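Here is a short briefing for you to read alongside the coordinates. Have the viewer open and follow the side chains as you go.

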Amino acid sequence: MAEIRQLDRVQPLDRIAAVDVGVPPRVGGRALRLFRSVNIWFWAIVGLPALIAGVYYFGIASDLYLSEAKFIVRSPKQVQASGIGALLQSTGLGRAAEDTSAVQDFIMSRDAVRKLEQKDDLRAVFSRPEGDFVSRFPGILFWRKDFEALFARYDHFVSVETDTNTGVTALDVKAYRAEDSHMLASALLAYSEQLINELNDRARRDALDTARREVDGAEQWIAQIQSELTAYRVKQKMLDPKSASAGVLDLIGQMNAAQTNARAQLGELLDNSPNSPQIPLVKTRIASLDKLIAEERAKLSGETDSVVAALTGYERLNLQRELAEKALASAFTSLEAARIEAQRQQLYLETIAQPNVADYPLYPKRLVSFITVVATCMLAYGLAWLLVANVREHSAR
């Protein structure tokens, strides 16, 4: 009984092996059905797609004419070591690499499609009668004729790619007519150059606006400080505290000199004429000078309403005015530099290769596309066959 069960387990594996190597199985009906099912799947996965691809690429697919253009976005080399250079750099001037990506994104954007639709009749170009019913707009989905459907078909005809090593951007435009592809490529180059000019104008406006705001801010700062100085002078009742302090110092110096002379005179009188009637007068004069000197020193360096306190506030405001004047001068320098910089072309779109008018169609690549479809289907069929064989082997155990 054990041997019979072992033979029952081995027999399905023998049948599967006979089918895999193409040898007629010993049990004909079941193996024949399995072989036919394998052929059905082969035709479904490989044969039918290959047939459809062959019919389309060699019998239906329309010719496409390629117009290629190459351009590069450049900016002049600048040495930006000064403050205005950093200012202009912060506003976005002279950054060609980022703007190349901006141009590339614009070409593949809805804005470019909308411009081509409005100015270059893009719908008519994509709907030429020379195009096949699969690739032309609106294609198989005849009920989709809106803008989004047009944009979805756009990348089938237009492509753009930038070489990161050289910075050169290649624009490829395909169409059913050679003049159409040339026209679209030329229009996209013109719109890209217009975008570059708009970026230049925007950068110039930003730089000038920033410099003007700095000038306006410095002027407002100076006006505010000048108003504070005027109010301070009115409050202290002196035009110039520096001059006032100098006058007080001169007066104190004069009174000190007079006091010194009076003391010297008093000493001579005491030595030579101790009973002289002038001695009380000289002493009274010395006492008056001492009192006046003390009063003037109090005015000069007292805690409140003194010349020193007034001079301290005045010097603080005067220092702020000097700083504001320097800031205003620097702002005017930045504004003038920004104006000079604005007169220069910051970004350039240089066309390296003009759009060409194709002599013969380069697309579609019929043979390459057909071989790609067949190879892909064969790979899918092989993977499916390995999966099915693995499942059958595990189920037979």
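## Surface patch, aromatic rings and a buried serine

V55 is partly exposed, with a relative accessible area of 44%. Please keep in mind that this is a predicted model.

- V55 belongs to helix α2, which covers residues 28-60.

**Aromatic pairs**

- How many aromatic pairs does the structure hold? There are 6 aromatic pairs.
- One of them joins Y56 and Y57, whose ring centres are 5.2 Å apart. Their planes stand at 70 degrees, so this pair is edge-to-face.
- Y57 has a relative accessibility of 19% and therefore counts as buried, since the cut-off for buried is under 20%.
- F126 and F157 make a stacked pair, because their planes are at 20 degrees, with the ring centres 4.2 Å apart.
- This pair ties together parts that are 31 residues apart in sequence, because F126 lies in helix α6 (residues 122-126) and F157 in helix α7 (residues 147-157).
- F42, W43 and Y381 form one aromatic cluster.

**Charges over the ring of Y363**

- Which residue has its charged end over the ring of Y363, 5.1 Å from the centre? That is K174.
- K365 also lies over the face of Y363, and here the distance to the ring centre is 5.2 Å.

**A buried serine, S181**

- S181 is located in helix α8, which spans residues 178-236.
- With a relative accessibility of 0%, S181 counts as buried.
- Leaving aside residues up to four places away in sequence, S181 touches Y65, L66, S67, V173, K174 and A175.
- K174 links two of these topics: K174 is in contact with S181, and the charged end of K174 sits over the ring of Y363.

Methods. Residues are numbered from 1 along each chain as its sequence is written. This is a predicted model: local features need pLDDT of at least 70, side-chain atom pairs count only at pLDDT 80 or more; totals for chains, interfaces and linings use all residues. Side-chain values use heavy atoms; hydrogens and water are left out. Helices (H or I, at least four residues) and strands (E, at least two) are DSSP runs, numbered from the N terminus. Buried means under 20% relative accessible area, exposed over 50%, partly exposed in between (1.4 Å probe, protein chains only). Rings of Phe, Tyr and Trp (its six-membered ring) pair if their centres lie within 6.5 Å; planes under 30 degrees apart count as stacked, over 60 as edge-to-face and the rest as tilted. A charge sits over a ring if NZ of Lys or CZ of Arg is within 6 Å of the ring centre and within 35 degrees of the ring normal. Contact means heavy atoms within 4.5 Å.
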